[in-house]
Amino acid sequence: MKQKYIGYIALGLLLGFLSCTSTPPAEDPLTAAMDGPPLQADLSALDAAAARAAAARREALDFNAPLFLPNEWAAADSLYTQAEQGRRSGTRQEALDSAARYNLAADALEALLPRAISEGYDFYDAQLCEAREAAVRAGAEVLAPDHLLHADNTVVRALESYEAGDYTAARDTADEALTMYNAIRVTLEAGNVRERIIELGLTQFDPTNLGLGDDAMRSALLAFDSADYERALEEGETSLHHYSLALNESFRAFAEEVGFEASRERERALELRANIAMRVEFPPVEAIYTRAVSAFEGRRFEEAVTLYLECTPLYRQLSEDTLVKQRLADEAIQLANERMAESDELAREAERILEGGL
């Protein structure tokens, strides 16, 4: 009886053990919560992190971080791309992880901004100085002092905004000043090209482009009067373009004219055999002519004009010198012949004397 009772106890313990091993352990409440759907607070935090990263990226782009800090920008933008591509919100854990990635990207992008702003300041400082110097070289101090002063004052306003920490205003104002300087410079350069066309007497060669340049110049001047410097820059560039075309075409046509004259003088010199009579002086002149032809064929018409005009009188001088040499040679030959004739006559006279005796 006792043995039977012991057996029941053993069987009960075994069944209890089996019952315990087949029952799964209780789930961690925290794990269950993280694998569950996200809370509204989680989604709001994710949206806020994404918006922060996007704003930081836009601001970094606005201040030209890719230009000034290319390596740092590439690393930070890679984090943003990973956050965008890995955005998930199916569970709380996914939402929290996504928000963390966005915040990491935002941290990196925001860290770029002060350095990009500093680099941008140096960049604008150099650009503005260069643009102002170019405007002055074009004659701004004499021909457009009021507009130059306006641009200078705009630079001062940009600096004041920068020192006040309003970097967006500083950048925009610096851009405005840069446009002013460039508009002044390009319009004055266009006027200088036009002046040159007139001074050289080349207006008849390309009246079409000259007229289009005049139209654009009038529009540029009207834009200056209304302080529309972007329009002034655009019209000034158009004017410079057409005047430059007119000048180039004028030089092409002029080069043809003076090239023909140089070729004619060269042919005359060769016909007179100046290359032989002036064998030392002829090669340097020929070298100038060769350079002129090469410049014309390379569409460097202004250079061609200069070289053609240089060699033409030299060929003419070679021809004149050759004619002088030929005349002197002819005179020398004639004198020699005369002397030979005189010598022959003297020889005959001596012979008569000898034959007749003293």
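Guide: Let us begin with burial. Of the 358 residues of the protein, 34% count as buried. Please bear in mind that this is a predicted model.

Visitor: How many helices and how many strands does the secondary structure comprise?

Guide: The protein has 14 helices and zero strands. Read along the sequence, the pattern is accordingly α-α-α-α-α-α-α-α-α-α-α-α-α-α.

Visitor: Among contacts between residues at least 6 apart in sequence, what percentage join residues at least 24 apart?

Guide: For this protein the figure is 76%.

Visitor: Let us turn to a pair of helices. At what angle do α5 and α6 pack?

Guide: Helix α5 spans residues 70-85 and helix α6 spans residues 92-137; they pack at about 155°, and their axes are 8 Å apart. Angles over 145 degrees count as roughly antiparallel, and α5 and α6 are therefore roughly antiparallel to each other. As to handedness, the crossing of α5 with α6 is left-handed.

Visitor: Which residues meet where α5 contacts α6?

Guide: From α5 the contact involves Glu72, Trp73, Ala76, Asp77, Leu79, Tyr80, Gln82, Ala83 and Glu84. Their counterparts in α6 are Arg101, Tyr102, Leu104, Ala105, Ala108, Leu109, Leu112 and Arg115. Sorted by class, this contact holds eleven nonpolar, one polar and five charged residues.

Visitor: How many aromatic pairs does a search of the whole structure find?

Guide: The search finds ten. In one of them, Tyr80 and Tyr102, the ring centres are 6.4 Å apart and the planes stand at 65°, so the pair is edge-to-face; the cut-off for that class is over 60 degrees. Tyr80 belongs to helix α5 and Tyr102 to helix α6, so the pair ties together parts that are 22 residues apart in sequence.

Visitor: Are Tyr80 and Tyr102 buried or exposed?

Guide: Tyr80 is buried, and Tyr102 is buried as well. Phe296 and Phe301 form another edge-to-face pair, at 5.3 Å centre to centre and 65° between the planes.

Visitor: Which residues form one aromatic cluster?

Guide: Phe282, Tyr289, Tyr308 and Tyr315 form such a cluster.

Methods. Residues numbered from 1 in each chain as written. Predicted model: local features only at pLDDT ≥ 70, side-chain atom pairs only at ≥ 80, totals over all residues. Heavy atoms only, no water. Axes fitted to C-alpha atoms, helices over the stretch in contact; angles between N-to-C directions. Helix = DSSP H or I, 4+ residues; strand = E, 2+ residues; numbered from the N terminus. Parallel < 35°, antiparallel > 145°, perpendicular 65-115°, else oblique. Left-handed = near helix turned anticlockwise from the far one by under 90°. Contact = heavy atoms within 4.5 Å. Nonpolar A, V, L, I, M, F, W, Y, C, P; charged D, E, K, R; others polar. Phe/Tyr/Trp six-rings, centres within 6.5 Å; stacked < 30°, edge-to-face > 60°. Buried < 20%, exposed > 50% of the residue type's maximum accessible area, 1.4 Å probe, protein only.
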